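These are notes for a colleague opening this structure for the first time. Please keep the view at hand while reading.

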Amino acid sequence: GIDDYTDILNGAKKYAEFNPKYVSKYYDGGYPPVEEEGVCTDLIWYALQEAGYNLKEMMIIDIRNDQQNGSVRYNIKYRDDNIDFRRVGNQETFLKTYVEILPTSLERLETFQPGDIVTFEDSEHIAMISDKRNKNGIPYLIQNSDEEQTEKEEDVLEETPMRITGHYRFTFNGDIKKLMNKVKNSE
């Protein structure tokens with residue numbers, strides 16, 4: 001009953017409340033126990049899932065189609081449905097293909113809205129823009145960044161040494177709808 005952006009943001013905030021330990025490993029079935037452990041990409045698929053989007057299945061279909069068409073958008077030699085959707089570079093490739101691409105400069109601060117997804121250093125890290133802002137109007141980041149992190153929603157966007165290299169807004173569109181229909185038909 002609420003808009004997707006709010007659902008996505010609420011999903012990220014819910015993930016942040018779990019405060020999972022940063023653990024990078026392979027999981028049979030693909031999903032880590034989100035209330036206990038995970039990495040930066042887990043926040044993204046979890047937030048989207050809370051809004052009704054199955055990022056894992058959409059990416060499985062898109063990666064498979066990419067390989068069958070001889071494309072190299074994903075640059076994956078051996079597909080593994082249990083991990084491919086949890087890699088920053090793959091999530092970023094998906095976002096570049098299907099959602100709204102926005103400016104990356106903090107000088108265009110008005111373009112950074114709650115629920116937006118940002119990537120850093122050409123696929124080194126991925127996080128979400130919060131609805132909280134500091135006294136300078138810079139939004140907080142919701143992220144699972146490393147083992148030292150104690151809070152998942154932090155005022156670190158202008159302090160991070162990593163450069164923002166991608167800024168995306170997950171907007172429902174015809175291409176997303178087609179992928180969602182393919183997911184439904186494959187179940």
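**Notes on the sheet and its helices**

1. Strands here are DSSP runs of E with at least two residues, and helices are runs of H or I with at least four, numbered from the N terminus.

2. This is a predicted model, in which local features need pLDDT of at least 70 and side-chain atom pairs count only at pLDDT 80 or more, while totals for chains, interfaces and linings use all residues. Residues are numbered from 1 along each chain as its sequence is written, and side-chain values use heavy atoms, without hydrogens or water.

3. S8 pairs with S3 in the antiparallel sense over 2 bridges; two strands pair if DSSP finds at least two bridges between them. Ile101 is opposite Tyr168 of S8. S8 is also joined to S4 by 4 bridges, again antiparallel, and Thr119 has Gly166 in S8 as its bridge partner.

4. The open sheet has 6 strands in the order S3-S8-S4-S5-S6-S7, with antiparallel pairing. S3 (100-101) and S7 (153-154) are at the edges with a single partner strand each, so one side of each lacks a neighbour in the sheet.

5. Helix H1 (residues 4-18) packs on the sheet and touches S5, S6, S7 and S8 (164-169), where contact means heavy atoms within 4.5 Å. The direction of H1 makes about 105° with that of S5; axes are lines fitted to C-alpha atoms, for helices over the stretch in contact, and angles run from 0 to 180 degrees between N-to-C directions.
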